[in-house]
Structures are given as structure tokens and as C-alpha cells.
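This report goes through one protein chain, from its overall make-up to single side chains. The sequence and structure come first.

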Amino acid sequence: LARAQAGLGNREAKWLLAGETAAAHFGWKAGETVAVEYGTATLDLPLLGVVSTGGSEDSQLLLPLAILQEVTGRTGQLSLIALAAPGAAAQVETTRQQLAALWPEIDVRPLRPVLESEARVILKVRGLMFGLTAIVLAIVILSVMTTVSGLVLDRQRDIGVMKSLGGSDTTISLLFVAETLSLAAVAALLGYGIGLGLAQWAAARIFSSPLPW
């Protein structure tokens, strides 16, 4: 599929995707070069993959638009746009209406099974991330407690000097709190920046969609 998508922008690209029902009927396997006949024309196309969606696509053959228009003698014509757009249901519907307004003679349909499948994946990933966040938070709390306790133990002599000079428990505690907050602020900024960068990379690689700040 990735190779097929990469070839969509190239009008000279030649490839074929077959639904699993169609591939089983003809005995085709991915990687083969198969012959497709339409009227008097015969095309030898590499079968890049077998598609399984649970829908009508399982019985169809998918070709580059330019080749299909040329073979059928319908250059520049479309009958159906199957839309997969990022965003919520309202955003997808808005995009569908915009395309339908541009080409009123063309049937524009959102690929709801694909969008619903992506939504399920997102929800599962979100649940996994929440679980990991809870675990990491618990580990961080233990680490902070251990680190602060270690700082206090290492500075017993300094604390004794400050107390002998008249420092109160509140003042000494505020010094440790200030130091801890400074370290936490630096760690939070670094963690947020690195996390946002990794999230942007994952969103671009998995869903081909930018992640808002």
C-alpha cells in the first residue's frame, strides 16, 4: 500500500491492488505481474498487494486513476470520490460537502470503516498512554522522594550550620523546596519538548497528520 500511495502522484506509475476475494478467484498473489483485460486492451501490471476491508473493495481491482481513465476511454472523468480525511466526524462531513460542492456530478463518500478503525486505534493508544503515564508518575514520585531524602542526608552538616546561625526549620525547608522546584521546571520543559517531538513524529508516521500543540 505504501508503494502504491507513493506512485499516486506519478501519472506514469503502473500498479494494481486486488481485493482478497478477487485475488482468490484469479489465484493471484502479491508480487506477481498479472494481466488485466478491458475490452480489447490488455494491461500487464505488478500486483503490489491484496486488500482486505470487509467491504465491496474485497471484490474489486484498484488501479491508478490515469491508467483507468485511459483504458476505459473516460479521460478526465470521475464517478466516485472515496474520502479519508483527518479530524472529527463534523470536520470529515465539512470536507465532504466542500468536495461535493466543487463536483456536484460526482458521488463523494467518506470511508467510514477506515475512519472508525483509525478511531479505535487512537482510543487504544490513548488508553495505553494513560496507563504508562500513571506508571511513570508513580516511579517519578518515588525517585523524587529518594532524591530529596538523599539531598537532606548529604547536607546534614550544612543544615546544622544554618540552624546554629539562627535559621528556622521553615527557612531551611523553603531552600530545599526552591531547589526541587528549579530542577522540576527544567525537567518539565525538557520532558515536554522531547515528548511533543516524539508525538509529532508518531502522528506523522502512523496517521500522516500533524499534531496540534
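## Terms and basis

A residue is called buried under 20% relative accessible area, exposed over 50%, and partly exposed in between, with a 1.4 Å probe and protein chains only. By that definition Glu179, at 25% relative accessibility, is partly exposed.

The model is predicted: local features need pLDDT of at least 70, side-chain atom pairs count only at pLDDT 80 or more, and totals for chains, interfaces and linings use all residues. Numbering starts from 1 along each chain as its sequence is written, and side-chain values use heavy atoms, with hydrogens and water left out.

## Overall make-up

The protein chain has seven helices and six strands. Both are DSSP runs numbered from the N terminus: helices are H or I with at least four residues, strands E with at least two. Read from the N terminus, the order of elements is α-β-α-β-β-β-α-β-α-β-α-α-α.

Of the 213 residues in the protein chain, 17% are buried. The chain exposes about 15700 Å², of which carbon and sulfur atoms supply 63%; accessible areas come from the Shrake-Rupley method with a 1.4 Å probe, and for residues only the protein chains shown count as cover. Contact means heavy atoms within 4.5 Å. Among contacts between residues at least 6 apart in sequence, 55% join residues at least 24 apart.

## The four-stranded sheet

Four strands form an open sheet with mixed pairing, in the order β2-β3-β1-β4. The edges are β2 (33-38) and β4 (61-62); each has a single partner strand, so one side of each is left without a neighbour in the sheet. Two strands count as paired if DSSP finds at least two bridges between them.

Strand β1 (residues 16-19) pairs with strand β3 (residues 41-51) in the parallel sense, over four bridges. Within this pairing, Leu17 is opposite Gly49 in β3.

## Aromatic pair and a buried glutamine

Rings of Phe, Tyr and Trp (its six-membered ring) pair if their centres lie within 6.5 Å; planes under 30 degrees apart are stacked, over 60 edge-to-face, and the rest tilted. Phe26 and Trp28 have ring centres 4.7 Å apart and planes at 20 degrees, so the pair is stacked. Phe26 is partly exposed at 48% relative accessibility, whereas Trp28 is buried at 15%.

Gln69 belongs to helix α3 (residues 65-72) and is buried, with 10% relative accessibility. Apart from neighbours within four places in sequence, Gln69 contacts Arg74, Thr75, Gly76, Gln77 and Leu78.

## Salt bridges

A salt bridge requires a side-chain nitrogen of Lys or Arg within 4 Å of a carboxyl oxygen of Asp or Glu. The structure holds four of them, including Arg155 with Glu179 at 2.8 Å, N to O. Arg155 lies in the loop between α5 and α6 (156-164) and Glu179 in helix α7 (residues 169-207), so the pair ties together parts that are 24 residues apart in sequence.

Lys163 and Asp169 form another, at 2.5 Å from N to O. Lys163 is partly exposed at 41%, while Asp169 is exposed at 51%. In the bridge between Arg109 and Asp107, the closest N and O atoms are 2.5 Å apart; Arg109 is partly exposed at 48%, and so is Asp107 at 31%.
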